[in-house]
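Subject: Structure for your files

Hello,

My notes on it follow.

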Amino acid sequence: MSIQPPSAFFDLSALLTGFTVQTLEFAQQSADFFGVFDEIYGSGHMAKLLSVYDAHVQAGDAPNDIGKAILDAGSPVEDTARALMAFWYLGQVAPLNDPENLQIPSGNHYAQALVWRAVQAHPTGVSTQQFGYWANPPAPLNDYL
Amino acid sequence: MKFAETGRKCQTQNTSVKRRAGLVVATAFVAAAALYAWAGPKDAADWPVLTAAHPVDVAHGAAGTPVLGDHAAYDLFSWMSFVALNSSPDGTVLGKTGDNETLWSSWMEDFQVLVTDGQTPPPWGTPMQVPAACKAVSGAQDVSRVISHTAKMHGVVGLFDQAQAGPLIDRNGAYVRYEILINAPMYDYIRDNGLYTQAGLNAFGQIDFPAGSLDTGQIGAIMVKAAWKVLGVGDDPTRFHVSRAYVVDEQANTCAPELLGLVGFHISTKTKSAPQWIWSTFEHVDNAPDKGEARPGGHYNFYDADCASRQPTSSCVPNALPETPWNPQNPGQYSVQVERVTPIDPQTAAMTASFQQALRDVNPNSVWANYMLVGTQYPQRPTDPTDPQGRPFPPYLANTTIETFLQGDTPPVSSSCIACHNRATATASAKPSDFTYILSRVTAKD
């Protein structure tokens with residue numbers, strides 16, 4: 001059974017991806033983005049990233065400043081943040097020390113990847129829509145966030 | 001706290017789960033369905049309650065929208081529904097007599113609404129016609145007496161293929177049988193709106209079954225799906241809710257009276273708060289072990305620790321479809337080795353333990369204490385404009401006797417009640433049929 005991620009994981013992920021915490025929480029219910037990232041990318045890197053994020057929050061930094069600081073932090077914090085963003089968007093992640101070994105850990109990671117919502121669509125082969133939905137325009141982008 | 005006129009209650013204590021008791025509220029009653037809605041519970045001491053009063057909907061009260069994944073209120077709704085639907089029509093507390101006739105057994109079978117050209121479904125409450133194959137059974141007169149004597153269910157049970165899969169074969173080589181029944185609000189909606197013909201479906205607008213509403217106190221559409229096993233060698237009938245019924249084999253056009261034990265039970269309830277319906281599923285506790293967790297020497301309805309000693313190893317692979325051809329009349333078919341892939345949530349199991357204890361307090365030999373809630377799937381965000389499934393939780397849910405072969409968490413093939421029924425359509429133009437597949441089987445043209 002997967003471990004319930006700390007709220008900071010969702011807060012940071014929302015900051016990095018532009019999606020709401022609730023959307024990310026829904027995705028986490030089907031696919032363990034938190035635990036599996038740690039397992040594949042390398043243990044301890046997520047904890048380090050979250051500690052950096054938490055330090056900025058404690059310092060009272062604005063969200064945009066926190067995001068910029070993290071993405072400019074250099075290795076390994078910056079790399080971890082970018083890998084996490086890619087994991088959320090594409091459902092794929094590689095070990096830090098083996099970047100060519102990209103993996104999509106499960107069908108649920110594929111289906112829950114944010115890229116589908118970013119383009120207001122659904123993954124090939126997995127749709128939550130009812131028959132005939134293609135006759136209507138998708139909901140506004142904001143509804144997908 | 002108030003109960004409907006014929007409500008009964010029995011209370012036990014379980015502090016771990018009853019703190020959310022106030023989340024389920026219902027009012028009024030629906031006499032036509034012989035179901036009574038419930039005016040409580042309002043406080044922690046009011047459950048588990050063994051009442052025939054049926055819950056109408058789940059309300060979230062002062063707490064507002066529940067935390068994502070918080071299923072306690074829905075599990076309580078499921079257990080209250082289970083107790084209400086399985087209560088005796090005479091108002092006796094569930095299980096007081098050990099086993100009992102159930103309220104839902106008097107509902108209409110799905111095939112009663114699926115008429116042929118020129119026919120109209122009979123009015124609600126019309127007894128089912130015994131099929132010709134059963135009338136021809138040798139000693140059929142005796143069979144009728146047996147049905148009348150047990151009065152558990154006057155049923156004709158024939159279906160054996162699971163949804164999008166094949167048959168479940170028990171350890172005696174017998175096929176598990178299924179039946180689908182619907183309550184009066186759902187039956188009358190189909191009948192009154194002419195949805196039993198393709199022309200009627202085409203002429204009708206959006207299909208929108210009545211929803212249980214706390215505003216009106218009215219119970220909405222309810223479907224139940226029951227899975228029965230033929231009780232035979234190695235089965236203890238005193239552990240099951242039993243029914244003597246005609247078992248029909250359509251392929252061979254045969255019919256036989258059998259003693260059946262209830263092994264699986266779905267309840268699907270449409271409510272105002274859950275337009276994607278609330279999906280509750282129960283099983284007999286002896287059905288199957290969790291994957292790799294079989295008790296040494298334990299008896300299971302659909303798992304045999306010594307499977308490989310009596311049939312080919314290849315047929316003992318857990319949850320594998322049996323070899324074709326599928327025909328209940330074929331002799332010597334191998335049983336399906338069933339394991340539960342996804343363990344039952346601990347909080348759900350705790351609530352089940354509480355209700356089981358309440359049932360045993362009424363009667364230590366209550367068969368109903370041998371059933372457990374597997375889970376409840378419900379929409380977390382029913383009006384999500386991006387997801388007509390309403391963000392169901394849990395994402396997957398399977399009953400080992402009804403979705404045996406679809407267990408797991410692989411999209412989109414693993415069992416998800418809402419995801420599957422969201423695809424249900426009616427008519428040649430595939431009009432969404434409001435989460436029921438019954439209307440997809442309408443064959444009458446006009």
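How many helices and strands does the secondary structure of chain B come to? The count for chain B is 9 helices and 15 strands. Please keep in mind that this is a predicted model.

Chain B overall

Chain B has 446 residues, and 59% of them count as buried. Its accessible surface is about 17200 Å², with 53% of that belonging to carbon and sulfur atoms. Among contacts in chain B with a separation of 6 or more, 69% are between residues 24 or more positions apart.

Helix 8 of chain B

This helix covers residues 346-362, which is 17 residues. From first C-alpha to last, helix 8 of chain B reaches 25 Å, close to the 24 Å expected at 1.5 Å a residue. Its buried residues include Met351(B), Phe355(B), Leu359(B) and Val362(B), and also Thr348(B), Thr352(B), Ser354(B) and Gln356(B). Helix 1 (72-86) and strand 12 (371-379) of chain B are among the elements that cover the buried residues of helix 8.

A helix pair in chain A

Two packed helices are described by the angle between their axes and the distance between the axes. For helix 3 (residues 33-41) and helix 4 (residues 45-58) of chain A, the angle is about 120° and the axes are 8 Å apart. Angles of 65 to 115 degrees count as roughly perpendicular and those over 145 as roughly antiparallel, so helix 3 and helix 4 of chain A are oblique to each other. Helix 3 of chain A contributes Phe34(A), Phe37(A), Asp38(A) and Tyr41(A) to the contact, while helix 4 of chain A contributes His45(A), Met46(A) and Leu50(A). By class, the residues of this contact are 5 nonpolar, 1 polar and 1 charged.

- Ser75(A) to Pro76(A) is a cis peptide bond, with omega near 5°. Pro76(A) lies in the loop between helix 5 (63-71) and helix 6 (77-90) of chain A.
- Thr324(B) and Pro325(B) are also joined by a cis peptide bond, with omega about 0°. Pro325(B) is in the loop between helix 7 (307-310) and helix 8 of chain B.
- Gln120(A) is not a glycine but has a positive phi of about 55°. Its loop runs between helix 8 (114-118) and helix 9 (141-144) of chain A, and at 27% relative accessibility Gln120(A) counts as partly exposed.
- Arg391(B), likewise not glycine, has a positive phi near 55°. Arg391(B) sits in the loop between strand 12 and strand 13 (392-393) of chain B, and is buried at a relative accessible area of 9%.

Regards

Conventions:
Residues numbered from 1 in each chain as written. Chains lettered and ligands numbered in written order. Predicted model: local features only at pLDDT ≥ 70, side-chain atom pairs only at ≥ 80, totals over all residues. Heavy atoms only, no water. Axes fitted to C-alpha atoms, helices over the stretch in contact; angles between N-to-C directions. Helix = DSSP H or I, 4+ residues; strand = E, 2+ residues; numbered from the N terminus. Parallel < 35°, antiparallel > 145°, perpendicular 65-115°, else oblique. Contact = heavy atoms within 4.5 Å. Nonpolar A, V, L, I, M, F, W, Y, C, P; charged D, E, K, R; others polar. Buried < 20%, exposed > 50% of the residue type's maximum accessible area, 1.4 Å probe, protein only. Areas by Shrake-Rupley, 256 points an atom, 1.4 Å probe, with all protein chains shown as cover. Expected span 1.5 Å × (residues − 1).
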